Amino acid sequence: MNKKTIISVMVVAMLVTVSLYFVGGTYARYTDKLTGTATANIAKWAVKVGGQDASTSKTLNLSFTTDKSEFVTDGKIAPGSSISAEVVLDLTGTEVAVDVLGKIETDSLADIIGTSEFTTKITVDGNDLQETAQSAPTIALGAISNEHKVKITITWDNQDDVQSVSDTALGRSEETTSLELPVTLTVQQHIAKTV
């Protein structure tokens, strides 16, 4: 083959390639495009605490009593002793597992009790779990009963000698004969932590 023939063949091959590129887009093919809508039913949340709808009532009146102690007079609280209250948590109609958490708002008590520490513990149906950042009493989905007994226990922690001075001053005070301990009870959907 001479040089002219080779160039002609290359030009024809290039023209065929270019024309295939443009013609390729015009070839017909069958095609259908279908769209749909995903439907998911939303799980219900219908929590009642102490007979009150938790979504409408933000205040819960709890009647705390002093836990029996051989070291503190009945009806009184002192460092190392506890008070507790019980409330019924009704999950009728709720379709998710729930965590129950309790926290005492000690910031508002700082002026009265200094740096004294109070610990809050929640038990659900007798399951004694200490509340931490990682765990809380959890009521599983499909629990045997829809009503659960929640017990909130507040303990006045016995601190070091430095704290004992302010605790003693509080016990000696003629003005302060009772403490109001604001408690927040939180019921939230349980979401499993992934690792």
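A: Let us begin with a cut-off. Buried means under 20% relative accessible area. A salt bridge needs a side-chain nitrogen of Lys or Arg within 4 Å of a carboxyl oxygen of Asp or Glu. Keep in mind that this is a predicted model.

Q: What makes Asp157 a buried residue without a salt bridge?
A: Asp157 counts as buried, because its relative accessible area is under 20%. The nearest side chain of opposite charge, Lys121, is 10 Å away. The limit is 4 Å, so no salt bridge is assigned to Asp157.

Q: Where is Asp157, and which residues is it in contact with?
A: Asp157 sits in the loop between E9 and helix H3 (161-172). Setting aside neighbours within four places in sequence, Asp157 is in contact with Pro79, Gly80, Glu117, Phe118 and Thr119.

Q: Why is the pair Lys68 and Asp74 called a salt bridge?
A: Their side chains meet at 2.9 Å, N to O. That is within 4 Å, so the pair qualifies. Side chains of opposite charge can pair when their charged atoms come close.

Q: How many salt bridges does a search of the whole structure find?
A: The search finds one.

Q: Are Lys68 and Asp74 buried or exposed?
A: Lys68 is exposed, and Asp74 is exposed too. The label means over 50% relative accessible area.

Q: How do you know that Thr94 is buried?
A: Thr94 has 12% relative accessibility. The cut-off is under 20%, so Thr94 counts as buried. Thr94 lies in the loop between E4 and E5. Not counting residues up to four places away in sequence, Thr94 touches Lys44, Trp45, Ala46 and Val47.

Q: How far apart are Thr94 and Gln189?
A: In sequence they are 95 residues apart. In space they are 9.9 Å apart, C-alpha to C-alpha.

Q: Why is Asp125 called partly exposed?
A: Asp125 has 44% relative accessibility. Buried is under 20% and exposed is over 50%, so Asp125 falls in between. Asp125 is in the loop between E6 and strand E7 (127-129).

Q: What makes a group of residues a nonpolar core, and which residues have the most contacts inside the largest one?
A: The members are buried nonpolar residues joined through side-chain atoms within 4.5 Å. The largest such core has 14 residues. Leu89, Val100, Ile139 and Val150 have the most contacts inside it. Strand E4 (82-90), strand E5 (98-104), strand E6 (118-124) and strand E9 (147-156) each supply at least two of its residues. A second, separate core has six residues, including Ile83, Ile154, Trp156 and Leu181.

Q: Which residues is Val150 in contact with?
A: Beyond its neighbours within four places in sequence, Val150 is in contact with several residues, among them Ala85, Leu89, Val100, Ile122 and Leu185.

Q: Which residues make the nonpolar surface patch of about 280 Å²?
A: Ile7, Val11 and Leu15 make that patch. Ile7 belongs to helix H1 (residues 3-24).

Q: How many helices and strands are there, and what percentage of residues is buried?
A: The protein has three helices and 10 strands. Of its 195 residues, 23% count as buried.

How values were computed. Residues are numbered from 1 along each chain as its sequence is written. This is a predicted model: local features need pLDDT of at least 70, side-chain atom pairs count only at pLDDT 80 or more; totals for chains, interfaces and linings use all residues. Side-chain values use heavy atoms; hydrogens and water are left out. Buried means under 20% relative accessible area, exposed over 50%, partly exposed in between (1.4 Å probe, protein chains only). Helices (H or I, at least four residues) and strands (E, at least two) are DSSP runs, numbered from the N terminus. Contact means heavy atoms within 4.5 Å. Lys and Arg count as positive and Asp and Glu as negative; His and the chain ends are not counted. Patches are made of residues with over 30% relative accessible area and no salt bridge: like charges are joined within 9 Å, nonpolar side chains (Val, Leu, Ile, Met, Phe, Trp, Tyr) within 5 Å. Accessible areas come from the Shrake-Rupley method with a 1.4 Å probe; for residues, only the protein chains shown count as cover.
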